[in-house]
Amino acid sequence: MQRREFLQRLGLGLAGAWAGSRLAWPRTALGGGPELRLALLADAHLPDGHAGSPEAQALARAVAEIRALRPAPDLTLFAGDLAHAGDGPALGLGREILMDLPGTLLLVPGEGDASPDSSGAWGQLFGEAGFLHTYQGLNLLGLYTAWLPTPIGPVFQVGEAQARWLARELPRLDPETPLLILSHAPLDRIFHPWQQWTGDAFRLLPLLGRFNEVLCLHGHVHQAGVRGQGSGVSRAVDHVPFMTGDLGQIAENRLSHQAIPATAWPLPVALQGTPAALCPGQGPQGCGWGLVSHQQGAWHFHPQIWLA
């Protein structure tokens, strides 16, 4: 049996019980124009090219469940860490699994996928690390939050080159059109000790403030619904010299953040304790994927969390 067929059958088998009762897209609104539907994936942490690993099985299950949705999603977004340590065979296996998704797939890399300059296997398999597209009345920005060295140690950063690109491209967009930003690391400040933040996200402040509606989707924290801790966490990282500014300065009803659940390695919420063993593959319980829809100027998020 070819590996592709094995992965398809494996994913369908794992997804069978779910698909039998949840084939329909969750109902979020009735009438009022078309609804844009997006499926969300993040943090597969494939360790190698072995299709039988727990991480590969979990990703295949998520893909099979997304394929079972009726109606199918308009797009699928992947928020990084397809691989765990930049392993080329792992990225190749991930691409093979993701090829079974319906429709268009847009991805950004995480620190486990690419070098700081986004070269290597990721570029060969998936192309550029960032993107900017307009799709069905929505602006889609893929942001590469690179894991870069600083005087206080490595920190996720937007970086100089990408900041220049954003300063050139974002002012050209219509501020009335909703903007969705996909990144691996959160642009919100969540928990500094676990590096759940982007050190120079303040660069986006003058660029995003003109938009009426911005949704920031991210991976890395491995759980849905994780939010920044406000002033308490801000105080914990104020000593970092290049952190001057907070995306929270933009009105909350105009900018929101949403974490995407991981398909592997479910961590507890920050500030509630560290797992005894920090290693991938602790799922599938507590892992999963997500759905987001947009209709009548409102976003609706539906985490799909596995209970077993």
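Mentor: A residue is called buried when its relative accessible area is under 20%, exposed when that area is over 50%, and partly exposed in between, with a 1.4 Å probe and protein chains only. The model is a predicted one, in which local features need pLDDT of at least 70 and side-chain atom pairs count only at pLDDT 80 or more, while totals for chains, interfaces and linings use all residues. Residues are numbered from 1 along each chain as its sequence is written, and side-chain values use heavy atoms, with hydrogens and water left out.

Of the 308 residues in the chain, 54% are buried. The secondary structure consists of seven helices and 12 strands; these are DSSP runs numbered from the N terminus, helices being H or I with at least four residues and strands E with at least two. Among contacts (heavy atoms within 4.5 Å) that have a separation of 6 or more, 78% join residues 24 or more positions apart.

In soluble globular proteins, nonpolar side chains tend to be buried together.

If residues up to four places away in sequence are not counted, Leu 41 touches, among others, Ala 62, Ile 66, Phe 78, Leu 98, Ile 260 and Trp 289.

Asp 81 is also buried, with a relative accessible area of 0%, and is found in the loop between S2 and H3. Its phi is positive, about 60°, although Asp 81 is not a glycine. His 222, in the loop between strand S9 (214-218) and helix H7 (231-237), likewise has a positive phi, of about 70°, and is not a glycine. At 2% relative accessible area, His 222 is buried. In the loop between H2 and strand S2 (75-78) lies Pro 71, and the peptide bond from Arg 70 to Pro 71 is cis, with omega near 0°. Most residues other than glycine have a negative phi, and most peptide bonds are trans.

Helix H5 (residues 160-169) has Gln 162, Ala 163, Leu 166 and Glu 169 buried. These four lie on the same side of H5, because they cover an arc of only 135° around the axis, the arc being that of the directions from the helix axis to the C-beta atoms. Strand S4 (131-135), strand S5 (138-143) and helix H6 (205-208) are among the elements that cover the buried residues of H5. The face turned away from the buried side carries the exposed residues Ala 161 and Arg 164.

Two aromatic pairs are present in the structure. Rings of Phe, Tyr and Trp (its six-membered ring) pair if their centres lie within 6.5 Å; planes under 30 degrees apart count as stacked, over 60 as edge-to-face and the rest as tilted. Trp 122 and Phe 126 are four residues apart in helix H4 (residues 121-126), about one helical turn. Trp 122 is buried, at 0% relative accessible area. Trp 147 and Phe 156 form a tilted pair as well, 4.7 Å centre to centre with 55° between the planes. Within this pair, Phe 156 is buried at 1% relative accessibility, whereas Trp 147 is partly exposed at 32%.
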